[in-house]
Amino acid sequence: MAAFGGTDTRARKLRWSLLNTLVVVYALVPVLWIMSLSFKTPATLNDGNFIPREWTLENYRSILSTTEFLRALVNSIGIALIATAIAVVLGTMAAYAIARLQFPGKRLLVGVSLLIAMFPQISLVSPLFEIERTLGLFDTWPGLILPYITFSLPLAIYTLSAFFREIPWELEKAAKMDGATPGQAFLKVIAPLAAPGVFTTAILVFIFCWNDFLFALTLTSTERSRTVPVALSFFTGDSQFQDPTGSISAAAVVITVPIIVAVLFFQRRIVAGLTSGAVKG
Amino acid sequence: MGRPAMRARPGRAAAAMGVALLAIPLAACGADQQGITVNLYYAPEDGLETVVENCNQQAAGRYRIVYNKLPRGADDQRLQMVRRLAAEDRDMDVLGLDLMWTQEFAGAEWIREWTGEYRAEAEEGTLEGPLESARYEDRLYAAPKNTNVQLLWYRTDLVDEPPETWDEMMETAQELKDAGDPHTILITGAQYEGLVVHYNSITASAGGHMLSEDGLRAEFDDGAVRALEVLRDFATSGLAHPGLTNAMEDDARLAFQTGNAAFQINWPFVYAAMQAETPELAGNVGWAPYPGVEPGSPSRSTIGGYNLAVSTYSEHPDEAFDAALCLRNAENQKFSAINSGVPPTIESVYDEPEMLDAYPMKDAILESVRNAANRPSTPAYQNVSTVLSHTLSPPSAIDPERTAEELRVSVQKALESKGVLP
Amino acid sequence: MSKERLSEDQASPGSPADAPGQAEVTSANGSGRGGRAGGGRSGRRTLTEGQRSERRLALLLCAPAALVMIAVTGWPIIYSIWLSLQRYDLRFPADQEFVGLANYVEVLTSSYWWTSFGVTLLITVVSVAIELVLGMALALIMHRTIVGRGLVRTSALVPYGIVTVVAAFSWRYAWTPDTGYLANLFAPGSAPLTDQASALAIITLAEVWKTTPFMALLLMAGLALVPDDLLKAASMDGAGPWQRFIKVMVPVMKPAILVALLFRTLDAFRIFDNIYVLTSGAQDTSSVSILANTNLIQALNLGIGSTMSVLIFLSVALIAFVFVKLFGTAAPGSDTEGRR
């Protein structure tokens, strides 16, 4: 890896470590604050101390002992994974066609997908609610998966086709010359090259589904399909006006873990993908 | 319509199972699939599962109440119910309405009028203030489940006699400030319903009115202008907490618990919370009725609380009325009062001996509820509240005469649901 | 578009490693461009077998995505536009009537709307500008760092992964006087969330913190395309780090930068969650989305609320148009597509 600076490795390493620390602090301080809140006792919850004066696991015990939260966790993971998988597959197909093939209606498709990405979601919620109730999709997994796919597709198509345009298509041509059909050329040659783009897109889509609050609040009504961000708004404080800050913080920490795991897992692939991309240059 | 209802069955079963798992021992879990299900939609309330179970046992198989939790946020609760009612959802039977939505739901004909025996039972022994909040155009549309009233909480180690008026409170606070003691006054001053509640209480205490009697015209008479003055004077006195314009109930409570304030106006939940979290402080805290405006004339504090209504689209209205009455009967109100911290609407419950432990301030509550002020009665209350909270925030920018004139125009528009809301 | 062409022409001469780029163009000509020249205007019927199968494949590939998107959003969007032409309050269904553009007049003459519009524009411009700078720095660090890369990449993405509402609550608690660490640290004795300017600053901070990683991720994709030997060559020619960044990296990354900017701008313009939690729009901090929520969802005024939705949509479409036409953001499928 060629990079900035001279050849003095130790100084460079030091400089990078410093920069890295900066990034980590920037990214993690607000998260650590939530973690700290989740470990605080009710009495010290709002003393303004960054580090808890008294530690407790009570908040975690209380959320993990209810089906309310665990069931929501299962829903969240299932719905987000399925929606991500479908959106990435559909997005990859469409992005390939857009980046590579000539066909009538291409501009229309891109235009429509941008249109969808741009429409204020708040105004779509009420009609969607009515449609889903009529179709019996209300309060089901597919009832959330469908809108998630829809609203992540524009982003998926856009980023993927940007990636695809950078792929060395000579290889595809070569494959075709060797007698592969366009379909085979897509699957065997291009898909592996496109992997980093696909994984990046998958992360973005997954995070979108994982974080959604608006749709999940409107299109679910029971534990059958309620996801975690919404389940948080069903937690009870000791009384009507008390915010269950402790349990919310604990739940927030619990649901951040899968994201970190996902990023860790995908992050390696992206590195691999990016390095191979660099080789090409 | 038969089919969607059938499809909804498994959902109910799942919900029932969820509740069953949460609830304390359950005898007849999922026993009778043929039986009538009464779907209760209610805000998350700790302990309500037990009340529901009590009523299910009392119903003895005639129906089975399923508690469908609504989100914690009031706006989210209202929204979910409204959306379903607008779609004529038949799966909702009993609705838990914050009392300020009752007229709105009645006006839109989303909830049924209470008549005959049901009405008689709902009214019997119920305090007039809460009952008034459940009426619309002189008809009863809901049964009050719990009430709530704001009290003035003060530090007994700093203040000897609780102030009776806002002016007196500010004077005392100023003296404390001059002496270098904790002196801040905490109220719910954020731009939301909480601020409107204060304005309503002060207006009523000053003998004023925001709307005409029939709720069709924006009046803002002298009393309402006086209330604007009180709010402005308070906000500009330098005695309010610096976070005044972003403070909601829990913010005010937490700020009080840091020990840097002398007064707090808030609902009774703060006392139980204080005892649990900062017991030393709780020992030095007293309570008094909401401060008034003019010395000698008693204050009128705005009441809160929840009403139970029956959906127009319910397929089992009789069972629903019956279930609603059970959920709010004296015995269950006592249970909820003690376990969930919500003050009862049936007067006799206050005399129960167990109430004294849970509510040492119960006499103050009862007295305040008897003198209660209700919020303006109009189906467009949500609009009015939005306009009010926007115009009143920040209170320090109020110019009484000009603000009142502004309100007369914008609230009138809001009543007619015309124009853009802020 | 001519601008985009120009800038590329400027970028080309000095950069020896445009070679792969050239190769791409040639290959694109081979199948794509060439195909269109042959089968274009002059005769659709003269499509070769290969072109026809290409079209078939393209339609097959696009159909599922297009169908899902249209099925889910088609009706709601049309319904919203129709509602915007009605006087329709959900609580007074009897008063429903067609009012033409009256709702638009009402909204566009309302001072509330223009205040929110100004606030939204301000937040959008400021936060996207900061995000671009920070995002670029973050992308460079994530891409180039030689130590602890996994740690940096993972932690940098955490803010983006955290649920917005929860993050917003974290900021709210942090900035509340007496109870929050940031308020106690930076503004003891005052309440930053209760003043318009400082509240807007905090909203922007929360927004920037949350979405910079997204920006960085999109930029990193562009960064990966910068050939190393190009940087080496520039370095040997005596270009400093800053010159290498401006002269070599930025031109190559331009498409990625513009796409990232486009998406973030569209998104920032619809900011909702952070404001909702931090101030609920008090002290004139409400964005157009907050205003639409107040009118559409809370006041149940479907007419006025839908009008706002359509207006937000039009504003956002205008932004996208400006990006694509003026800055030449490569919209897939446009003429500049596949030519980089």
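This is a predicted model: local features need pLDDT of at least 70, side-chain atom pairs count only at pLDDT 80 or more; totals for chains, interfaces and linings use all residues.
Visitor: OK, chain A. How many helices and strands?
Guide: Eleven helices and zero strands, where helices (H or I, at least four residues) and strands (E, at least two) are DSSP runs, numbered from the N terminus.

Visitor: And what does the C-alpha trace span?
Guide: About 70 × 65 × 30 Å along the principal axes of chain A.

Visitor: How much of chain A is buried?
Guide: 57% of its 281 residues. Buried here means 20 or more other C-beta atoms within 10 Å of the residue's own, with C-beta atoms placed from the backbone; exposed is 12 or fewer, and partly exposed is in between.

Visitor: How many residues of chain C are in contact with chain A?
Guide: 97, and they meet 88 residues of chain A. Contact means that the C-beta atoms of two residues, placed from the backbone, lie within 7 Å.

Visitor: Which helix of chain C gives the most to that side?
Guide: Helix H3 (residues 49–83), with 20 residues. The side of chain C that touches chain A has 62 nonpolar, 24 polar and eleven charged residues. Ala, Val, Leu, Ile, Met, Phe, Trp, Tyr, Cys and Pro count as nonpolar, Asp, Glu, Lys and Arg as charged, and the others, Gly among them, as polar.

Visitor: Staying in chain C, at what angle do H5 and H9 cross?
Guide: Roughly 45 degrees, for H5 (residues 111–144) and H9 (residues 196–223) of chain C, with axes that come within 6 Å. So H5(C) is oblique to H9(C); under 35 degrees would be roughly parallel, over 145 roughly antiparallel, 65 to 115 roughly perpendicular, and the rest is oblique.

Visitor: What sort of residues sit in the contact of H5(C) with H9(C)?
Guide: 21 nonpolar, six polar and two charged.

Visitor: Switching to chain B: how is it divided?
Guide: Into domain 1 (2–148 + 304–370) and domain 2 (151–301 + 380–415), with bounds from an automatic or database domain assignment. Their C-alpha centres lie 30 Å apart.

Visitor: And how many residues of the two domains are in contact?
Guide: Twelve from domain 1 of chain B and 13 from domain 2 of chain B. On the domain 1 side, H16(B) has the largest share, four residues.

Key: Residues are numbered from 1 along each chain as its sequence is written. Chains are lettered from A and ligands numbered from 1 in the order in which they are written. Axes are lines fitted to C-alpha atoms, for helices over the stretch in contact, and angles run from 0 to 180 degrees between N-to-C directions.
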